[in-house]
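Hi there,

Here is the structure I promised to pass on. Have a look at it first, and then read my notes below.

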Amino acid sequence: MRKIQFFAGLLLMTGFALNVNSTEIKDKDGFSFTIPDGWVQIPQKVIDQVLTQYRKMSPQFKTLKYDYAFQRANQKGWFVYPYIVVQIRKTGKIPEKYLNNFRKVEKDIQKGADKAQKGMQNKVSGTMKNTVYDKMNSILWSEIDANVKGVGKIKGLTAMKLTKFGTIQFVISASGKDYPKCEKEFRRMVWKMKVDPKIEYKP
């Protein structure tokens, strides 16, 4: 197993990812999205192994769950930067009035990040910034600046697609040099995702 890398609740696992074209992911909860060319899906078995390690590390990760994860193809390992994780959160509909208060939203997101960092035993530190609510597409965007022990500076972007049942949260993390291109691919993927009218967010 290669050196462990921490960020967004993930670890580096051994393996080898092959090159593929764009793939559409269809979820039973009523949404779909297409991962960018040159990206591959990380096996659920690997995700489960990662989450098991985190739950052993801290009780703070007891309920942590990732529904999907992706990374660039042709990497000698899993969860090698850059990578994307997706989490379906059925926490109930978020009031639009709350979303319009950017300062409070960003503060609450940072609290969650601080809690996760504490569980990671100071192996990662990060700051959420530039939180924006895209009302037209029902997406809450937040940028991330982080320092990962043994890795260095990492940039990230989180996109919370609002739904009737809660959110579909996408997070990408990448090195500074890879981030600009990855950010464009990531935003395009989230913007173009399809959501069944039955679960669409309605203020």
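**What I found**

Phe79 is buried, with a relative accessible area of 1% (buried means under 20%, exposed over 50% and partly exposed in between, using a 1.4 Å probe and protein chains only). Tyr83 is buried too, at 2%. These two residues form an edge-to-face aromatic pair, with 5.5 Å from centre to centre and 85 degrees between the planes. For pairs, the ring centres of Phe, Tyr or Trp (its six-membered ring) must lie within 6.5 Å; planes under 30 degrees apart count as stacked, over 60 as edge-to-face and the rest as tilted.

Before going further, please note that this is a predicted model, in which local features need pLDDT of at least 70 and side-chain atom pairs count only at pLDDT 80 or more, while totals for chains, interfaces and linings use all residues. Residues are numbered from 1 along each chain as its sequence is written, and side-chain values use heavy atoms, leaving out hydrogens and water.

On confidence, the protein chain has a mean pLDDT (the predictor's confidence in each residue, from 0 to 100) of 82, and 77% of its residues reach 70 or more. Over residues 1–20 pLDDT stays under 50, although the model has 86 contacts there beyond four places in sequence (contact means heavy atoms within 4.5 Å). Where pLDDT is low, the predicted coordinates should not be read in detail.

Back to the rings: the structure holds nine aromatic pairs. One of them is edge-to-face because the ring centres of Phe33 and Phe70 are 5.8 Å apart and their planes stand at 90 degrees. This pair links distant parts of the chain, with Phe33 in strand S2 and Phe70 in strand S4 (residues 68–72), 37 residues apart. Phe33 is buried at 2% relative accessible area, and Phe70 is buried at 1%.

Strands are DSSP runs of E, at least two residues, numbered from the N terminus; two of them pair if DSSP finds at least two bridges between them. The open sheet has three strands in the order S1-S2-S10, with antiparallel pairing. Its edge strands, S1 (23–27) and S10 (194–195), each pair on one side only.

Finally, two charges sit over rings (NZ of Lys or CZ of Arg within 6 Å of the ring centre and within 35 degrees of the ring normal). Lys93 lies over the face of Tyr201, 5.5 Å from the ring centre, and Arg187 lies over the face of Trp141, at 4.6 Å.

Best wishes

Conventions:
Helix = DSSP H or I, 4+ residues; strand = E, 2+ residues; numbered from the N terminus.
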